[in-house]
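Reader: I want to learn how to read a model like this one. Please take me through it feature by feature.

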Amino acid sequence: MSLEILSSAKVFDGWHKQYSHPSKSTHCNMRFAIFLPPQTATGEKVPVLYWLSGLTCTDENFMQKAGAFSEAAKLGIAIVAPDTSPRGEGVADDVDGSYDFGLGAGFYLNATQAPFNQHYKMYDYVVNELPALIEANFPVTQQRAISGHSMGGHGALSIALKNSEHYSSVSAFSPIANPINCPWGQKALGGYLGENQQDWLEYDSSELMKNFTGKPIPALVDQGDADNFLQEQLKPQALQAAAKASAYPLTLRMQAGYDHSYYFISTFIAEHIRFHAEHF
């Protein structure tokens with residue numbers, strides 16, 4: 001597969017690099033960023049943490065704001081951050097141009113409704129295409145963990161719960177934990193998947209966790225109690241109840257005074273990286 005390098009910068013003795021490539025899943029060019037820790041310079045292969053960002057974000061938000069490189073370099077972990085949706089000429093967007101649907105809001109699912117079903121296959125891209133691309137082109141092992149924020153937290157949890165054999169652990173910051181019961185989720189799931197709400201359940205982390213029957217992987221969720229979206233959109237209590245119902249190994253921490261921003265993420269990202277390192 002053709003990879004085009006867009007940028008490269010040395011950081012904490014490793015390298016942050018940004019690439020573009022034609023995607024078979026989304027039928028457009030996709031962009032991702034990768035942090036390669038210093039251990040890879042000598043040929044050592046390292047495990048990968050996949051990071052999924054939230055609404056309106058690209059691959060750049062986490063890489064520039066989270067402050068994750070120091071701990072990842074210390075522990076020898078690569079970080080891969082894809083874009084949040086397909087983009088480019090011909091890729092459908094919300095007719096009103098709103099921030100919570102269409103471009104920048106792929107919701108990490110496979111759309112079934114026209115015209116979004118042509119390009120919006122972010123689930124296939126994250127689960128299958130991107131890891132295969134990373135493992136074929138970079139000095140990494142097949143050990144994977146996954147994490148994300150907000151819409152990306154929803155993506156990380158739902159993907160890990162449906163593909164637990166592919167990941168060692170999962171974590172999330174402020175995830176949209178019960179999208180079938182919140183405005184963001186209802187808009188996205190209805191628009192991408194149609195009116196049959198049975199189809200929505202396949203992408204709801206609380207429903208997936210409540211009914212989980214496979215081999216579980218450890219899950220860590222941090223949620224700020226000063227988050228403006230807490231009650232209406234995020235609903236961590238639904239995820240907590242789901243974990244209790246299925247005895248899922250979830251640690252959900254309510255962090256006093258923290259909001260929905262990267263100030264919150266940067267405060268606890270080192271703990272999340274150490275959490276994943278413990279389970280590789």
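Author: Start with contacts. Two residues are in contact when heavy atoms lie within 4.5 Å. Keep in mind that this is a predicted model.

Reader: Which share of the contacts between residues at least 6 apart in sequence joins residues at least 24 apart?

Author: The share is 72% in this protein.

Reader: How many helices and strands does the protein have?

Author: There are 10 helices and nine strands.

Reader: What radius of gyration would a compact globule of 280 residues have, and what does the protein have?

Author: The rule for a compact globule gives a value near 19 Å for 280 residues. The protein has 17 Å, which agrees. For the extents, take the principal axes: the C-alpha trace spans about 50 × 45 × 35 Å.

Reader: What percentage of the residues is buried?

Author: Buried means under 20% relative accessible area. Of the 280 residues, 59% are buried. The accessible surface comes to about 11300 Å². Carbon and sulfur atoms account for 48% of that surface.

Reader: How far apart are the mean positions of the positive and negative charges?

Author: They are 6 Å apart, for 18 positive and 28 negative charges.

Reader: Now strands. How many bridges join β1 to β2, and how do the two strands run?

Author: First the general idea. In a regular strand, side chains alternate between the two faces of the sheet. Now the case here. Strand β1 covers residues 4-11 and strand β2 covers residues 14-23. They run antiparallel, joined by seven bridges.

Reader: What lies between β1 and β2?

Author: Two residues do, and the strands form a hairpin. F12 sits in the turn with a positive phi of about 50 degrees.

Reader: Where is the cis peptide bond?

Author: Read omega. The bond between A114 and P115 is cis, with omega about 0 degrees. P115 is found in the loop between β5 (78-82) and α3 (122-137).

Reader: One last residue. In which strand does R253 lie?

Author: R253 lies in β9, residues 250-255. Its relative accessible area is 24%, so R253 counts as partly exposed.

Reader: What does R253 touch, not counting residues up to four places away in sequence?

Author: R253 touches L220, V221, D222, Q223, F268, E271 and H272. R253 and G224 are 29 residues apart along the chain, and their C-alpha atoms are separated by 8.4 Å.

How values were computed:
Residues numbered from 1 in each chain as written. Predicted model: local features only at pLDDT ≥ 70, side-chain atom pairs only at ≥ 80, totals over all residues. Heavy atoms only, no water. Pairing = 2+ DSSP bridges. Helix = DSSP H or I, 4+ residues; strand = E, 2+ residues; numbered from the N terminus. Rg over C-alpha atoms; globule rule 2.2 N^0.38 Å. Buried < 20%, exposed > 50% of the residue type's maximum accessible area, 1.4 Å probe, protein only. Areas by Shrake-Rupley, 256 points an atom, 1.4 Å probe, with all protein chains shown as cover. Lys, Arg positive; Asp, Glu negative; His and termini not counted. Charge placed at Lys NZ, Arg CZ, Asp CG, Glu CD.
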